[in-house]
2 protein chains.
Amino acid sequence: MIVNGKTCRTIWPDPDNNEIIKIIDQRWLPHKIIIEDLKTVDDFATAIKDMHVRGAGLIGATAGYAMYIAVLKAPKTNPGEFTEYLNNAAQQLIATRPTAVNLKWAVDRMLESLKRVSLKEAQEEAFKEATAIADEDAEFCKSIGQHGLDIIKKISEEKKGKLVNILTHCNAGWLAFVDYGSATAPIYAAQEAGIAVHVYVDVTGPRNQGARLTAWEFEHNNISYTLVADNTGGHLMQKELVDIVIVGTDRTLYTGYVANKIGTYLKALAAKDNNVPFYVALPSSTFDWKRRTPKEIIIEERGGEEVKYARGWDESVGKYTKVLLTPKNAKAANYAFDVTPPYLITGLITDKGVCKPNERAIRKLYNK
Amino acid sequence: MIVNGKTCRTIWPDPDNNEIIKIIDQRWLPHKIIIEDLKTVDDFATAIKDMHVRGAGLIGATAGYAMYIAVLKAPKTNPGEFTEYLNNAAQQLIATRPTAVNLKWAVDRMLESLKRVSLKEAQEEAFKEATAIADEDAEFCKSIGQHGLDIIKKISEEKKGKLVNILTHCNAGWLAFVDYGSATAPIYAAQEAGIAVHVYVDVTGPRNQGARLTAWEFEHNNISYTLVADNTGGHLMQKELVDIVIVGTDRTLYTGYVANKIGTYLKALAAKDNNVPFYVALPSSTFDWKRRTPKEIIIEERGGEEVKYARGWDESVGKYTKVLLTPKNAKAANYAFDVTPPYLITGLITDKGVCKPNERAIRKLYNK
């Protein structure tokens, strides 16, 4: 996607020096665009752990490149030492965010590919495989965009070309992947196809990823958008100001239950109550083929401090500052996700196509 | 209610000097408790306009005392001059927040009462009437508390005395009235009756009145509470962590439609979806006997800056600071209220008793 008028991914190898991988350090968005050079396995581990990068797809791609850098740095005279070095690097990376499915998946895939080649070919193979992981992530998202485009196009036609209003929650944008994003991919595709779109972006408290990240993406890619408080979506739908809701997901069960950022369920209820189509966009890798019921999904509980404080840019001094919203001793609970049941969901937009949120339709789409 | 261990109202005459009316300047809560002395009509106009005081009941009581101070300051030698002075003061006060129903109502009531007495008796009469307005507001809220207590008591009995979990939105607390509050009155009454209660308090963005005001009230009155992001209520109800929702209202139509702080509708949807009883608490003065349908309710749109910035306490420098959450040029919409339809509401808790949210039941309760 575009940053300051130039095409950019969230992660890419330095074109002048293939021992350096570059990322956007997302902790500083939207107020500073800081590009970070990652040169060692430690750099990568810190970048993932401290959330310089975040989002399922992007974490996977970062782990892939991290293993490439591990191969670069590994001793290459003795195959035993080489393998030991790689395995240690793999363990170090996986430990950074143990619940991120794509992290372990990417590390394992890198180790697997290296088994097929000699020590001499390892570096080239690792670079090829890491690039493949990143490229595939971008391609999957692009494909989600094309399938979602069909849905938006149909709404646009029904509205005789009038503005299509979309509501989204949190950041399921290109910043969470390598490019395009999941929920945002159909929006970018629609804009490219010349369809008039406008997006309502939920602030998405307590971490405000909508206000910080999705707004920043749209700002740089000329998507018309309006930020709204999380409380607002229901009212917008009652007033017929929303034609379609598109959100991402952190985990979708093969039975159609969708775990996503806390608050998604409330917007799905409002969509149902107002006959607004509610879609979930996801790459194939986000399906959970083991868990059947929402009770099996563990909802991450984060620290209450995130609810009590707001972090933002203090314009009077030109730096990030956190401010306390509540009484000092207030107790706060901070559930990170909720689960939206299938009966509130119109369809799932995947890289393989669109399907209904039920076991039969999902299995059919994936021949499983 | 209680502040720092002492009984307190939101507005009261100085016991040592009846030419001074005292208020809690709510702009500084929760991080500073500043008591302000109001001595002139200008002081009152500023306090209402700049929201040192806010909330339907409290605005009415403040306007009553403002007219008493106007009588104090008015020239008393010539009845014509006296009346002219009073009418000017009345106009000045009403203009501060033109949409506040209770403001004009209280000013008119004061003017009406003064018609009954001589110039000599005016001061005494004005003080009596202003005190009556404040006392009635407190009594109405206390009465809401008793009717709501019955509902909470029943839930407590069904749960065999186990903790009753209540969810509330925004601040419909004693800070919005003279004492007790509307949605909070049943909670305070339940605590006094020895029922084990715990309250989930929505942060209530963008102005965060739950985080700032409701949390502060509960902190000082020893109500067990947990602050949650606005996105959280649906998940809490899915997990059976909420036994009852109680909210306030800014305007309730005689047909049962409830206008309240933006986001109320989303919580009502979640309550319905999870069979959680959803109650609205209100004094009789909040009923709108003219408007029939939600389309007739004008929803206030406020500036987008409230969505883009968070205001809170910067602990590193010990002062209130506002921080920018979004890209500098982000566009934001800021709808202040939404309307919850009757089919999502279990009942209305009024000072006259509890009734269903429909025209027949409401008219019956009020003999109208």
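Helices (H or I, at least four residues) and strands (E, at least two) are DSSP runs, numbered from the N terminus. The model is predicted, so local features need pLDDT of at least 70 and side-chain atom pairs count only at pLDDT 80 or more, while totals for chains, interfaces and linings use all residues. Residues are numbered from 1 along each chain as its sequence is written, and side-chain values use heavy atoms, with hydrogens and water left out.

**Exercise 1.** Find where Arg363(B) and Glu359(B) lie, and describe how their side chains meet.

*Solution.* Begin with the helix: both residues belong to helix H11 (residues 359–366) of chain B, where they stand four residues apart, about one turn of the helix. Finally, consider accessibility, for which buried means under 20% relative accessible area, exposed over 50%, and partly exposed in between (1.4 Å probe, protein chains only). Arg363(B), at 28%, is partly exposed, and Glu359(B), at 25%, is also partly exposed.

**Exercise 2.** Decide whether Glu125(B) is buried or exposed, and do likewise for Arg116(B).

*Solution.* The two side chains meet in a salt bridge of 3.6 Å, N to O. Glu125(B) has 10% relative accessibility and counts as buried, whereas Arg116(B) has 58% and counts as exposed.

**Exercise 3.** Name the residues linked with Arg302(A) in a network of salt bridges.

*Solution.* Start from the pair Arg302(A) and Glu300(A), whose closest N and O atoms are 3.1 Å apart. The network also links Arg207(A) and Glu306(A) with these two residues.

Methods
Chains are lettered from A and ligands numbered from 1 in the order in which they are written. A salt bridge is a side-chain nitrogen of Lys or Arg within 4 Å of a carboxyl oxygen of Asp or Glu.
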